[in-house]
Amino acid sequence: MSDISSTNSKTFVRFEQQHVLPIPETERTGTNWSLFAIWVSLNMMPLTVITGAVASGAYGLPIFWSIVAILAGNVIGAFGSALHASQGPHLGVPQMLQARAQFGYLGASLFAIIAFIMFMGFFSSILIVAKDSLLAVVPDFNGTIAIVLFAVIGIGLCVFGYDLLQKTMTWLSIFIALAVTVSMVLFALEPEVTSQRSEAAFTFEGFFAMLAIGIVWQLAYAPYVSDYSRYLPKSTGPKTAFWSTYLGLVLSSVFVMSLGVLLGAANPDNPLAALGEYLGPIGMIVLIVFAVSSALINGVELYSAVMNALTVMQSNFRSTITPAKRVWTTIISGAVATLIAVLGQGDFMTMFESFLTLLLYVLIPWSAINLADYFIVQKGHYDLDDLFAPDGGRYGKWNVVGLSSYGIGLLAQVPFMITPLFTGPMAEPLQFIDIAWLVGFVVTAVVYLVLVRARRKAPEGELEVGAVRSD
């Protein structure tokens with residue numbers, strides 16, 4: 001009987017039953033390769049290409065300096081995301097649910113809502129860029145219909161859950177990598193693309209702006225890396241989760257963004273169109289591959305949006321989460337994100353660039369607190385029962401230390417912020433080099449550690465350190 005069960009689990013796609021609950025050891029079917037494949041394939045999409053094209057197209061950086069900025073930003077940002085991923089095998093819970101330990105049972109809902117909005121934004125953005133890829137091949141196709149069709153594919157994958165997503169991403173990573181590799185090689189042989197544009201020039205503002213975009217691109221994965229690394233067996237350990245995530249994120253992001261740099265240099269106004277202009281029929285095939293793969297990849301974005309929506313529902317409404325509730329949350333969330341994509345088809349790049357900038361500012365303080373608490377304060381020891389207790393257990397409903405530290409970290413960034421709507425007073429003296437993220441991370445981490453230490457010294461505020469309880 002056990003042999004038959006084992007064969008079925010390997011042969012057929014299993015409908016997800018666990019949702020936000022800790023993943024039992026018997027259902028942790030993830031491997032270092034499957035985790036690596038998820039993050040590789042997740043970056044193999046036109047949205048990553050468009051992001052890389054910002055360096056050469058929008059900021060006018062030379063190809064060499066564009067790639068250097070992209071490499072540096074991704075290497076730095078992915079380090080933080082991979083550290084978050086290393087928590088998954090140990091705790092077995094979604095990333096933002098674990099934030100209850102730092103912000104309280106109800107306090108963590110604020111960050112789950114922020115993450116939910118972020119994932120909905122990425123789902124909508126990917127739909128728009130997938131539509132643009134298709135229209136570059138078939139200009140007369142109705143854009144709204146394309147968005148809806150791509151959305152249905154992503155929603156369908158998400159309804160089945162992790163197992164189908166993981167299998168899809170594993171095979172997809174190989175297929176898309178071939179398409180991107182062919183495009184890169186062919187573009188490298190085009191003198192018109194690789195030769196230096198006369199208007200291209202190195203600027204500190206453009207370089208550090210692209211560096212920040214690379215960092216936020218990677219940190220945007222931080223709120224959901226553990227959603228997938230939690231499926232690794234606990235014996236796999238944090239190092240495997242870290243390196244599988246880190247290498248998958250960095251290698252694929254830098255590779256695909258570098259293609260974007262070439263496309264941005266070839267056609268700053270419409271980078272994706274350069275595929276067809278320079279590569280002819282091969283470029284058209286790659287665009288179709290991008291469009292279809294984006295629809296499949298998008299299931300991952302929606303899956304994490306749903307995990308955060310369920311976390312908020314459980315925290316604030318004491319709702320019992322069931323598989324049926326997960327499915328309906330998936331359908332409703334997907335429909336809303338699709339509507340946003342349909343309504344936001346206009347000036348996409350301007351909106352997306354602003355979205356990335358704001359995302360960096362709100363994510364940095366949360367990341368600093370989570371990492372400081374996990375690795376320095378608690379050293380990985382959490383009480384899973386208290387994470388799900390309605391009264392918050394030892395973590396409480398509202399953690400003043402965590403919430404105060406976040407607020408201080410957010411305010412510390414304001415003087416250095418550079419956004420389309422607001423520019424801080426320190427931006428001009430720094431030649432508009434965006435260092436707000438660095439200030440925010442350091443200030444938040446230091447403030448959190450100081451406040452935790454002060455709280456522990458007070459007898460009435462002493463914080464007991466618990467251990468993870470086995471199921």
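In which hand does α7 pass α15, left-handed or right-handed? This report on a predicted model takes up that crossing after a short account of the chain as a whole.

## Overall content and confidence

The protein chain holds 19 helices and zero strands, and of its 471 residues 59% are buried. Among the contacts in the chain with a separation of 6 or more, 85% are between residues 24 or more positions apart.

The mean pLDDT of the chain is 82, with 86% of its residues at 70 or more. Confidence is lowest in helix α1 (residues 2-11), where the mean is 36, and highest in α18, where the mean is 96. Over residues 1-13 pLDDT stays under 50, and the model gives this stretch six contacts beyond four places in sequence; over residues 461-471 pLDDT likewise stays under 50, and there the model has 28 contacts beyond four places in sequence. Where pLDDT is low, the predicted coordinates should not be read in detail.

## The crossing of α7 and α15

Helix α7 (residues 107-137) and helix α15 (residues 323-343) have axes that come within 8 Å and cross at roughly 55°. An angle under 35 degrees would count as roughly parallel and one of 65 to 115 as roughly perpendicular, and the two helices are therefore described as oblique to each other. The opening question is answered by the hand of this crossing, in which α7 passes α15 in a right-handed manner.

On the α7 side the contact is made by F116, M120, F123, S124, L127 and I128, and on the α15 side by S333, G334, V336, A337, T338, I340 and A341. Sorted by class, the contact of α7 with α15 has nine nonpolar and four polar residues, with no charged residue.

## The crossing of α2 and α13

From α2 the contact draws on N32, L35, F36, W39, V40 and N43, while α13 supplies T240, A241, S244, T245, L247, G248, L249, L251, S252, S253 and V256. The residues of the contact of α2 with α13 divide into nine nonpolar and eight polar, and no charged residue takes part.

## Residues in the loops

Which phi value does K379 adopt, although it is not a glycine? Its phi is positive, at about 55°, and K379 is found in the loop between α16 (348-377) and α17 (384-387). With a relative accessible area of 57%, K379 is exposed, because the cut-off for that class is over 50%. Q431 is another residue other than glycine with a positive phi, in this case near 60°, and its place is in the loop between α18 (400-413) and α19 (436-457).

Where is the place of D269? D269 lies in the loop between α13 and α14 (273-317), and at 75% relative accessibility this residue counts as exposed. The C-alpha atoms of D269 and G57 are separated by 7.2 Å, although the two residues are 212 residues apart along the chain.

Note on methods. Residues are numbered from 1 along each chain as its sequence is written. This is a predicted model: local features need pLDDT of at least 70, side-chain atom pairs count only at pLDDT 80 or more; totals for chains, interfaces and linings use all residues. Side-chain values use heavy atoms; hydrogens and water are left out. Contact means heavy atoms within 4.5 Å. Helices (H or I, at least four residues) and strands (E, at least two) are DSSP runs, numbered from the N terminus. Ala, Val, Leu, Ile, Met, Phe, Trp, Tyr, Cys and Pro count as nonpolar, Asp, Glu, Lys and Arg as charged, and the others, Gly among them, as polar. Buried means under 20% relative accessible area, exposed over 50%, partly exposed in between (1.4 Å probe, protein chains only). pLDDT is the predictor's confidence in each residue, from 0 to 100. Axes are lines fitted to C-alpha atoms, for helices over the stretch in contact, and angles run from 0 to 180 degrees between N-to-C directions. Angles under 35 degrees count as roughly parallel, over 145 as roughly antiparallel, 65 to 115 as roughly perpendicular and the rest as oblique. A crossing is left-handed if the near helix is turned anticlockwise from the far one by less than a right angle, and right-handed if clockwise.
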